[in-house]
Amino acid sequence: MRDFVMMNKCKYLILLLMLCLFSCEEKPKQTPSEISKSDMKTSMEKANRYLVNEEEKDIENYIRRHGLDMVLTGTGLRYQVLRQGSDELLQQGQRVSMEYQVGSIAGDTFYSSENDGVKTFVIGKGEVESGLDEAVTHFHQGDYGIVIIPAHLGYGLHGDNDKIPEYTTLVYTIKIIESQ
């Protein structure tokens, strides 16, 4: 866990350095109040692209190390059904109950149904992180699988203010036990 937190802090340091470098390119001298919003936006876009690319590399390495064959959605979410259940795909508005374990691609475990109880929520109501809301719509009742949620679909730059650190890629193992 300590190495993972250190890795995240290094990414933030690199992000800050990139912001400085991109905003400090050879231009006419400007006072801080004269730095244009356009320059700041360009710097932030470059820094965000860098972070997204680094996260993608980390996710691809995780998938390769674990021999997974995951489906990639348009949002960047990845999932794989490991054991098929039955019934129709889960849909927006349904109440779903699932057993789960959530951790990081570094191997840390943050929460699990074994310790925290079954997770129950209504799909599409914003009761869970957006990546999990999206992920369950690719599963049937009884399915067991794995989901990788990039930071922007999880808890983003702030973490969950409890166990999940900032800018963490989440790995869920889930089993859909009931839907209504």
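Q: Why is isoleucine 35 called partly exposed?
A: In this predicted model, isoleucine 35 has a relative accessible area of 38%. Buried means under 20% and exposed means over 50%, with partly exposed in between, so at 38% isoleucine 35 counts as partly exposed. You will find isoleucine 35 in the loop between helix 1 (2-23) and helix 2 (37-65).

Q: What makes the nonpolar surface patch of about 250 Å²?
A: Ile35, Met40 and Met44 make this patch.

Q: How do you know whether aspartate 160 counts as buried or exposed?
A: Set its value against the cut-off: buried means under 20% relative accessible area. Aspartate 160 has 19%, so it counts as buried. Its place is in the loop between strand 6 (144-149) and strand 7 (170-179).

Q: What makes polar contacts with the side chain of aspartate 160?
A: Two backbone nitrogens do. The one of lysine 163 lies 3.0 Å from a polar atom of that side chain, and the one of isoleucine 164 lies 2.8 Å from a polar atom of it. The cut-off for a polar contact is 3.5 Å, and both 3.0 Å and 2.8 Å are within it.

Q: Which residues is aspartate 160 in contact with, leaving aside its neighbours within four places in sequence?
A: Those are Tyr111 and Tyr155. Contact here means heavy atoms within 4.5 Å. As for glutamate 129, it is 31 residues from aspartate 160 in sequence, and their C-alpha atoms are 9.9 Å apart in space.

Q: What makes up the largest nonpolar core, and which members touch the most others?
A: This core has 24 residues, and Met98, Val136, Val147, Tyr172 and Ile174 touch the most other members. At least two residues of the core come from each of strand 3 (95-104), strand 4 (109-112), helix 4 (130-136), strand 6 and strand 7. There is also a second, separate core of nine residues, with Ile59, Tyr62, Ile63 and Met70 among them. In soluble globular proteins, nonpolar side chains tend to be buried together.

Q: What does valine 136 touch, not counting residues up to four places away in sequence?
A: Valine 136 touches Leu90, Met98, Phe121, Ile123, Ile174 and Ile176.

Q: How many helices and strands are in the chain, and what part of its residues is buried?
A: The chain has four helices and seven strands, and 41% of its 180 residues are buried.

Definitions and conventions
Residues are numbered from 1 along each chain as its sequence is written. This is a predicted model: local features need pLDDT of at least 70, side-chain atom pairs count only at pLDDT 80 or more; totals for chains, interfaces and linings use all residues. Side-chain values use heavy atoms; hydrogens and water are left out. Buried means under 20% relative accessible area, exposed over 50%, partly exposed in between (1.4 Å probe, protein chains only). A polar contact is a pair of N or O atoms within 3.5 Å; within protein, one must be able to donate a hydrogen and the other to accept it, and residues adjacent in sequence count only if both atoms are side-chain atoms. Patches are made of residues with over 30% relative accessible area and no salt bridge: like charges are joined within 9 Å, nonpolar side chains (Val, Leu, Ile, Met, Phe, Trp, Tyr) within 5 Å. Accessible areas come from the Shrake-Rupley method with a 1.4 Å probe; for residues, only the protein chains shown count as cover. A salt bridge is a side-chain nitrogen of Lys or Arg within 4 Å of a carboxyl oxygen of Asp or Glu. A nonpolar core is a set of buried Ala, Val, Leu, Ile, Met, Phe, Trp, Tyr and Cys residues joined through side-chain atoms within 4.5 Å.
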